[in-house]
Amino acid sequence: MLPVIIDAKLCKADELCVNECPLSVLTVEEKGQIPTVHPKKTNYCINCGHCMAVCPTGAITLTAFEGQKAVPFSKEELPDAASVETLIKTRRSVRKFKKKNISSVEIGELIHTAAYSPSGHNAQPVSWTVLDTAEKVHELGEVIVEWMENMVKQKNPLAEKLFLAGIVNAWKKGNDVICRQAPAVAVAWAPKQGITPQADTVIATNTLELAAHAQGYGTCWAGYVVLAAAYSQKVLDFLAIPAEHMAHGALFLGYPAVKYRTIPPRHKAVAEEKDGKFVFRAKPNTH
Ligand SMILES: Cc1cc2nc3c(=O)[nH]c(=O)nc-3n(C[C@H](O)[C@H](O)[C@H](O)COP(=O)(O)O)c2cc1C
C-alpha cells in the first residue's frame with residue numbers, strides 16, 4: 001500500500017509537496033502532472049505529514065492515519081513571541097501540590113499534545129505510564145525507597161553521591177522528597193534501541209511540561225524516578241515498562257500550592273567570536 005494518497009480532483013499540481021518532502025518520496029515526471037510516490041521510495045515515508053501541511057487544497061492524506069484530514073490553522077491563532085517567552089520563563093519546578101487530582105484523561109490530553117514534539121525520523125517512540133492518585137504515587141515511592149535502601153546497604157558510590165541515605169531517612173519521617181507527595185506522576189519511556197529514543201523521550205517530557213504549565217498545572221522533573229528505573233527491575237515492573245525499554249523522563253503533576261510572583265534570574269549566554277563562529281556560553285551553576 002502506498003504511504004501517501006493524493007486526491008486528483010483536489011490536487012493543483014503545484015508541486016509544493018514534492019519540494020517539501022524531506023525524503024523525496026513524491027515525484028512528478030512532467031510539470032503539471034499530479035505527483036506520485038516514487039516507485040523506489042515506497043518505504044521511505046516517515047509519516048511526518050509535511051506534504052499535507054503545505055498542500056493548500058487538502059488533497060493529501062497519509063495511509064497510516066486512515067484518511068484523517070490535516071487540521072487548518074490561521075496565523076492569528078498562534079501565540080505571539082512575548083507570550084511564548086513568558087510561558088517558558090514562568091515555568092517553575094513545582095514541589096508543593098493542592099490535594100486535588102488531575103485525571104488520567106486530562107493527562108492523556110497533555111500526552112497527545114506532547115506527541116507533536118519532534119523525534120528522530122519522526123519515529124515517535126515515546127510511551128507513558130501515568131499514576132493518577134497520591135496513593136499510587138506513594139506506592140511508587142515505596143518501591144523506589146526499597147531500591148535506595150539496597151543501594152545504601154551495598155555502599156554503592158552513587159548512594160553517597162546522591163545522598164540516598166538522607167532521602168530514605170526523610171521518607172521514614174514522612175517527608176517524600178522523591179515524588180513530593182504529588183497527586184500524579186507521568187513517566188515517559190521508549191525502546192532502548194532506535195534512532196534517537198533518549199532525546200525523543202526527553203523532548204516529549206519537556207513539551208508536556210510546557211503544555212501542562214499553559215493549562216495551569218504544576219510539574220517537576222522526577223529525577224529519582226528515572227534514576228531508580230535505570231537500576232531497578234522492580235521499579236520498571238511497577239511502572240509497566242516492558243523489557244528492552246527505558247524511562248528517560250518523569251514528571252510529578254498537580255495543581256500548584258505555591259504562587260510564583262516573579263521570574264528568578266538565569267545567567268545569560270555571552271557570545272564570543274572564535275574564527276568567525278559565535279560561541280554562546282552561560283556561566284554554569286556550581287554546587
Ligand atoms: C533531569 C532533571 C531531573 C530533576 N529531578 C528533580 C527531582 O528529582 N526532584 C526535584 O525536586 N527537582 C528535580 N529537578 C528540578 C530542578 O531542580 C529544577 O529544574 C532546577 O532547580 C531549576 O528550577 P526551575 O525548574 O523552577 O527553573 C530536575 C530537573 C531536571 C532537568
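I looked up strand 6 (residues 184–191) and strand 8 to start with: they run antiparallel and are joined by eight bridges. The model is a predicted one: I took local features at pLDDT of at least 70 and side-chain atom pairs at pLDDT 80 or more, with totals for chains, interfaces and linings over all residues. Residues are numbered from 1 along each chain as its sequence is written, and side-chain values use heavy atoms, without hydrogens or water.

For helices I took DSSP runs of H or I of at least four residues, for strands runs of E of at least two, numbered from the N terminus. Two strands count as paired if DSSP finds at least two bridges between them.

I then checked single partners. Ala188 has Gly249 of strand 8 as its bridge partner. Trp128 is bridged to Ala188 in strand 6. Strand 5 and strand 6 run antiparallel and share five bridges.

Gly218 has Gly254 of strand 8 as its bridge partner.

Put together, I have an open sheet of four strands, ordered 5-6-8-7, with antiparallel pairing. Strand 5 (127–131) and strand 7 are its edges, each pairing on one side only. On average, neighbouring strands are turned by 25° against each other, direction ignored. For angles, axes are lines fitted to C-alpha atoms (for helices, over the stretch in contact), and values run from 0 to 180 degrees between N-to-C directions.

Next entry: burial of strand 8. Nine of the 10 residues in strand 8 (residues 245–254) are buried, so the strand is largely enclosed by the rest of the structure. Buried means under 20% relative accessible area, exposed over 50%, and partly exposed in between, with a 1.4 Å probe and protein chains only.

Helix 8 (residues 197–214) lies across strand 5, strand 6, strand 7 and strand 8, at about 10° to strand 8. Helix 9 (residues 223–231) packs on the sheet and touches strand 6, strand 7 and strand 8; its direction makes about 155° with that of strand 8.

Last, I noted values for the chain. The protein chain has 10 helices and 10 strands, and 36% of its 287 residues are buried. Its C-alpha atoms fill a box of roughly 75 × 45 × 45 Å along the principal axes. Of the contacts with a separation of 6 or more, 71% come from residues 24 or more positions apart.

How values were computed: Contact means heavy atoms within 4.5 Å.
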